[in-house]
Each structure stands twice: as structure tokens, then as C-alpha cells.
Amino acid sequence: MANLTTIRTRLATNLGTISGLRSAAEIPDNPTPPIGIINLESVDYDGAMGGGLTTYNFVVTVIVGRAAEREMQRKLDSYCQPTGSQSVKVAIESDKTLSGEVYDLRVERSSGMGSITVNDQNYLAAEFTVTVIA
Amino acid sequence: MAKFVVTGTTVTVGGTDVTTACARAELVINAAEVETTDFGSAGFVEVIGGLKSGTVSLDFHQDFGTGAVSALFQDLVGTVTAITLVAGNGTGATAETPLYSFNALVTSITPVSGAVGDLGTFSVSFPTSGAITYATS
């Protein structure tokens, strides 16, 4: 049986392989960009008989910096690429079993590119939908 | 027993427990209709029960690991194999979780299936062979 805290931690570890990007398994009080934060959105139980399959739906929020900065827009673009060393999809899927903790995972989409407000500061951010089956 | 939500039909195939790879299980038992209509049937069709038969349908999650469900079925195509189902979310035969036991002819499998992004699954449907037994203890 997979451990949810371990899944969070190992997703953050995968995300942290992107050079220059911090990662957080839990939501920090004061995030320091650029940072990727692992948020659990929902859990779907009983995908198979006897609890044989559980689906964890995560949203990874990547915050890059002040919304007005052009450089930050380009950085966010690189995180949203499907390939490359700065790709969030590539980083999270670099170990698809999270060291054997889960069956498989997939970064399905990125969305919500735009400005968000954290502690009265406007940042540029994007969300990545990650489905984990365990 | 109360009404229940299906979460744990116990499934074995050829003696191997494949419960946690199975997402749906269905066993249908039929009796053939044998017509006995005659001049005394008052204008209506009359039937009696004929030979019984069964069909088992199972949906699985693909897994090609050693001893996993996909590899298990690979070796069973064309053979008659023993299948058991424990209904009512049970793990053993009781009055509330009856055990159905039967043999079935593994007529086909679908080892490769699925579109990009889908969970890998496959479905099978086999005719039973011989009697279907029902046990409550």
C-alpha cells in the first residue's frame, strides 16, 4: 500500500531535479520563487477489487517570480515544455514509479499560466496536473 | 445482509488470486428455452428449461510483471481453467458472501489495448464449461 506522504516527497524530489527550481512537498507559508509546490487535489479509491488501485490527483503549482518580468515568462515557458532539461513533465516523469512506491504516474497537462497573488505579491505561475496510480 | 457497494469481489483464475487487478466481475447463468407449445397451449407459447450455461466477464488492469495478470492469461488461451468468484465483498464462502466455482474456456485475450493517456486495461468474457457450483460455507 502506497504512502501518501512518501508520494508527495518523491514527487518533490523528481521536481527538484530541475536546475534552479526549488520544490516543496507541502505548501509553504512563504514560498520563495522559483518553486514548485505539490498539492493533493483528490483521491479516487477502489479502482480495482479489494483496494487494488488508488488514483491520486495532484496539482503542482510552479511559481516563477514577479508577474511583470519578461524573463520570468520565458522561464515559465521552459517549465511548460514537453521536453528539455527545464521541463516539469520530464522531471516529474523521470522516475515514474517513485522508487517503487506507485505503479505509474503521468503529467497530463499544464494550465492556468498567469498571475497569482501570494502574501500580497503578484507572481507568475502555472499549474501541472499529475495523475498517480498506486 | 444489507445492500452493499461492490468493492471487493474475490477473483481467482487457475488458482491465482487476481482480485486486486480486477475492476469488474460478472457471472451470468442461463437456461435454454425449450418450446413445448402444442394444440393445448391456448394460443400461447409454452417453454421449459433446457440445458444450463454460463458466461463470466472480467475487466482487468494490465500488468505484465512476473506472475501478474496479463502474463497469467497469456498461458491460458485455449485451455479450460478453474475460476472462482466470491460475491458480496467476501473472501470466503458464507451465506452472505457466496462462492461460485466453475471451469471456463479461455477463448481469447487482448494483450495490447488502450489509447494514449488511458489506464492499461483488458476485458475478457469466457463461456463456462460444466457445472457452476454455489457454496455458502
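In this predicted model, strand 3 and strand 4 of chain B pair in the antiparallel sense. The pairing runs over 12 bridges. Strand 4 covers residues 47-61 of chain B, and strand 3 covers residues 22-35. Within this pair, Val28(B) stands opposite Thr55(B), a residue of strand 4.

The pair belongs to an open sheet of 7 strands in chain B. The strand order is 2-1-5-6-7-4-3, and the pairing is antiparallel. Strand 3 stands at one edge of the sheet and strand 2, residues 16-17, at another. Each of these two has a single partner strand, so one side of each is left without a neighbour in the sheet.

Strand 5 and strand 6 of chain B span residues 80-86 and 99-105, and Ala87(B) lies in the loop between them. Is Ala87(B) buried or exposed, or something in between? There are 19 other C-beta atoms within 10 Å of Ala87(B). A buried residue needs 20 or more, and an exposed one has 12 or fewer. Ala87(B) is therefore partly exposed.

Contacts of Ala87(B) were considered without residues up to four places away in sequence. On that basis, Ala87(B) touches Thr9(B), Thr97(B), Pro98(B) and Tyr100(B). His61(B) is 26 residues from Ala87(B) along the chain. The C-alpha atoms of the two are separated by 20 Å.

Chain A has 3 helices and 5 strands. Along the sequence, these elements follow the pattern α-β-β-β-α-α-β-β. The C-alpha atoms of chain A fill a box of roughly 50 × 30 × 20 Å, taken along the principal axes. The radius of gyration of chain A is 15 Å. A compact globule of 134 residues would have a value near 14 Å, so the figure for chain A agrees with that expectation.

Buried residues make up 34% of the 134 residues. Contacts between residues at least 6 apart in sequence were also examined in chain A. Of these, 55% join residues at least 24 apart.

The two chains also meet. At their interface, 12 residues of chain B are in contact with 10 residues of chain A. On the chain B side, 5 of the residues that touch chain A are nonpolar and 7 are polar. No charged residues occur on that side.

Note on methods: Residues numbered from 1 in each chain as written. Chains lettered and ligands numbered in written order. Predicted model: local features only at pLDDT ≥ 70, side-chain atom pairs only at ≥ 80, totals over all residues. Contact = placed C-beta atoms within 7 Å. Nonpolar A, V, L, I, M, F, W, Y, C, P; charged D, E, K, R; others polar. Pairing = 2+ DSSP bridges. Helix = DSSP H or I, 4+ residues; strand = E, 2+ residues; numbered from the N terminus. Rg over C-alpha atoms; globule rule 2.2 N^0.38 Å.
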